[in-house]
Amino acid sequence: MSKNQSHQQELDMDNFTRTKRFKLFEPSIGVIWFLLITAFCVIFSLFYFDYKAVSRGFRLSTRSDKILWVKIDGSVVEESENSSRKRVEFMKEECDVFDGDWVFDERYPLYQSKDCAFMDDGFRCSENGRPDFFYSKWRWQPRDCYLPRFDAKLMLEKLRNKRLVFVGDSIGRNQWESLLCMLSSAVHNKDSIYEVNGSPITKHKGFLVFKFKDYNCTIEYYRAPFLVLQSRPPVNSPKKVRTTVKLDQMDWTSWKWRNADVLVLNTGHWWNYEKTIRGNMCLHLPESTNNLKNLEMYWYLSEWVVSVINDPYLNLKVPGAEVKMEMEVDTAYRKSLETVVEWIHHEVNASKTQVFFRTYAPVHFRGGDWRNRGNCHKETLPELGSSLVPSRTWARYSIFADVISSYTNTSYVKALDVLNVTNMTSRRKDGHSSLYYLGPKAGPAPLHRQDCSHWCLPGVPDTWNELLYALFLKREATHARNSSTFGVEV
């Protein structure tokens, strides 16, 4: 046997021995890391790189009877296993725009926070260090119709010489700033947009009025977290009482909003245990009195007190305290909503002012609340099935629905459009500011001080404004048709 043949046999035997020693199912750290990294790259590429590499798309809905797929152009294909549903145009036919799904859309967001000067630092999540961006790329798709795509120039033309006013809590401000950014994206000269009193947009608590000079319109915000009147405690009230809420009176700034052309109201986030300090409160009522018209009601943030106004029929000049009635925060919330509906009916000119009421936007704290280690910073995708928000969220929504339903057969709610965002927003656990609200220079907040109630911009409030836009256009078109029909009949 030649030396070459002998050497080759030795090599073959060596390779055979190595192969024999290798155990297929024996774990190797290097192999495991390689597989993990490969899997991560494949999954990440489906989201981040060109969707043309995916022939069909990926599943977005968890419902058994329908599958939504993102196509390569960002549009959505709906495959129904039970029926072939055809969507209609919202502007042409009736449709429940609040019944639908969140779908991923490459064409979103509608603007970038770095390009908008009309935004609090607390809403600039990407600039504040948030590493993911998927939260800004979800579009709301109604089940039975197509929404008109938001057109900032058209909206500004429709608002020419008009006032659009937001009133409510800081979540309402979140929506107001969203609309400022959406509209300003269509204005080349940003200096033509300014606050009429020269007030800064950051950390300003009263009211702000931004004017779009080229269109002679204003987009305004008034801080009124209860909508009803919040004021100082009555004389001789307990020292622990710092403020009061009068449930039968509107906020003192209401005279400034009632003549707006478009009025967007919201309340809800302050009607909770944390904001009101206690869950139960006490009413002091004269035993023989059922008529509350002669009573001036104060809702302390820690208790209820009814102060009796001098009245000859009651023959009382001091607060009565013969009967104590426990009243929970939800009951106070109900009374305040009734006051708002009554005010709209009696004080707002329905032929001039279009009134919207945006329903409660759920919070998504996990493992606590806003003061006790509640968190949401690990949420990066929507809840595409049923939402996991606390049951009290739906209790608050039910109160609102009950109040509105009680006025359905009257003329009280004819001037009121409801932006019913509670269900759709309950699924967006990924959209909150979480750790990224302190500003670009401060860096992320401590883990135990997260914000899971306010929203990143661009983000979820943009969708509320897209729905506002659609309903606004629909009302405008309906009003124009009715006016035309009336003219023909005359």
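This is a predicted model: local features need pLDDT of at least 70, side-chain atom pairs count only at pLDDT 80 or more; totals for chains, interfaces and linings use all residues.

Residues are numbered from 1 along each chain as its sequence is written, and side-chain values use heavy atoms, with hydrogens and water left out.

**Exercise 1.** Find how many helices and strands the protein chain has, and what share of its residues is buried.

Solution. Start with the DSSP runs (helices are H or I, at least four residues; strands are E, at least two; both numbered from the N terminus). That gives 10 helices and 21 strands. Next, look at burial (buried is under 20% relative accessible area, with a 1.4 Å probe and protein chains only). Of the 490 residues, 47% count as buried.

**Exercise 2.** Work out whether the length of helix H7 agrees with its residue count.

Solution. Take the rule that the expected span is 1.5 Å times one less than the number of residues. H7 covers residues 329-347, so its 19 residues should span 27 Å. Now check the ends: the C-alpha atoms there are 26 Å apart, which agrees. While you're on H7, pick out its buried residues, among them Val329, Ala332, Tyr333 and Ser336.

**Exercise 3.** Describe the link between Cys95 and Cys145, and say which parts of the chain the pair ties together.

Solution. First, the bond: a disulfide (cysteine sulfur atoms within 2.5 Å) joins Cys95 to Cys145, with 2.1 Å from S to S. The pair ties together parts that are 50 residues apart in sequence, because Cys95 lies in the loop between strands E3 (88-89) and E4 (100-104), whereas Cys145 is in strand E6. Finally, both Cys95 and Cys145 are buried. Zooming out, the structure holds 4 disulfides, and their pattern is 1-4, 2-5, 3-8, 6-7, counting bonded cysteines along the chain.

**Exercise 4.** Locate Ser199, decide whether Ser199 is buried or exposed, and name its contacts.

Solution. Go to the loop between strand E8 (193-195) and strand E9 (207-212), where Ser199 sits. Ser199 counts as buried because its relative accessibility is 18%. For contacts (heavy atoms within 4.5 Å), leave aside neighbours within four places in sequence, and Ser199 touches His204 and Leu208.

Methods. Buried means under 20% relative accessible area, exposed over 50%, partly exposed in between (1.4 Å probe, protein chains only).
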